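Have the sequence and the 3D view open as you read.

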Amino acid sequence: MSKRKTERLLGLVVCLLSTRRYLSADQIRAAVPGYPEQDDLFKRMFERDKEDLRELGVPLETGLNHPFDDDPGYRIRQQAYELPELRLEADEAAVLGLAARVWRRAELAGAAAGALLKLRAAGIDTASLDGTDEHPSAQGIEPRLGTPEPAFGPLWEAVRDRRPVTFSYRGAGRSEPQRRELEPWGVVNRYGRWYVAGRDRGRDATRVFRLSRIAGPVKFCGPAGSVTVPDGTDVRELVSDRDSVPAPERTAVLRVRTGAGADLRRHAVSVRDDTEPGWDLVTTRFTDVGWFADSAAEFGPDVVVLDPPDLREAVIRRLKGVLA
């Protein structure tokens, strides 16, 4: 929203809040700066402004001051516009403050900062919880919740706006990603891993997808408001049920440079000399391609995945991403 439009809408709200009578469109045009003189332009702009205010939740009323008035007028009743007094117990304010700090460095940082600002405006003391207070007790709690997956941002927007999305997904044990079209219901974190749950249109069934397995961009494929979340849906429960099923254990064969990869060797099934001098063949077990690929890629050129192919491709993608 442009600065000029923001100032005009703010002036419109102040104007309609300051009167008990219904103001006609002509009275509003004369009182609120920013409206054009031409009648056609004013009518179109005023209609858009009214819709914008209603979408923002402003209780804009339409009515007549007298039964014989020809044109309706507009006003905003202060009782309907003002929020009730906000009261929070100390533990409730603490939870909200901690939640805001968790999201300080993620996509929701702006929303979290805005929420804290509203709490302060309502007289709630959050200074000791959002990191602005230097008191020692405030420094003991520093929660952080990272969102490294590129898919998080667009999926969170899709859940917020109730928009369907499409993306390529590499399922467990699959070497090639498959195209999915999803009506997302929620994005949640479980044990440090991010998931999205919703209705898979292609399979006409509820599905849970792990964000780290999404390959490429997430794209919107429908208008806002076109996704309906079924009543009683608990996304956390869906993810919990899905994540409680143990993944099958698989075997990985790695070529590890001599003297490197201590963590990989510690959990290895076997370690033997490779035919190439300066390298060892390490056989180990894993259950999740994404997690193990992240671990293997951290060793850079000291670890080469030989098998299975999907794990090798996952590591190569991560290394190429670093180079890019």
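Let's start with Asp280: its relative accessibility is 10%, which puts it among the buried residues. Keep in mind that this is a predicted model. Arg265 itself is partly exposed, at 22% relative accessibility. That value falls just outside the buried class because buried means under 20%.

Arg29 and Asp39 form a salt bridge whose closest N and O atoms are 3.1 Å apart. Arg29 sits in helix 2 (residues 25-31) and Asp39 in helix 3 (residues 39-55), so this bridge ties together parts that are ten residues apart in sequence. Asp39 is partly exposed, with 45% relative accessibility.

Next up is Arg199, which pairs with Asp204 through a salt bridge of 3.2 Å, N to O. Arg199 is partly exposed at 27% relative accessibility, whereas Asp204 is exposed at 55%.

| Salt bridge | N to O distance |
|---|---|
| Arg29 and Asp39 | 3.1 Å |
| Arg199 and Asp204 | 3.2 Å |

How many salt bridges are there in total? The count comes to 21.

And what about disulfides? That count is zero. A disulfide is a covalent bond between the sulfur atoms of two cysteines. To be counted here, a pair of cysteine sulfur atoms would have to lie within 2.5 Å. Among the cysteines, Cys15 is buried at 12% relative accessibility, and Cys221 is partly exposed at 31%.

Stepping back to the whole chain, the protein has eleven helices and eleven strands. Of its 324 residues, 36% are buried. Taking contacts between residues at least 6 apart in sequence, 57% join residues at least 24 apart. As for the surface, the protein exposes about 19700 Å², and carbon and sulfur atoms supply 52% of that area.

Conventions:
Residues are numbered from 1 along each chain as its sequence is written. This is a predicted model: local features need pLDDT of at least 70, side-chain atom pairs count only at pLDDT 80 or more; totals for chains, interfaces and linings use all residues. Side-chain values use heavy atoms; hydrogens and water are left out. Buried means under 20% relative accessible area, exposed over 50%, partly exposed in between (1.4 Å probe, protein chains only). A salt bridge is a side-chain nitrogen of Lys or Arg within 4 Å of a carboxyl oxygen of Asp or Glu. Helices (H or I, at least four residues) and strands (E, at least two) are DSSP runs, numbered from the N terminus. Contact means heavy atoms within 4.5 Å. Accessible areas come from the Shrake-Rupley method with a 1.4 Å probe; for residues, only the protein chains shown count as cover.
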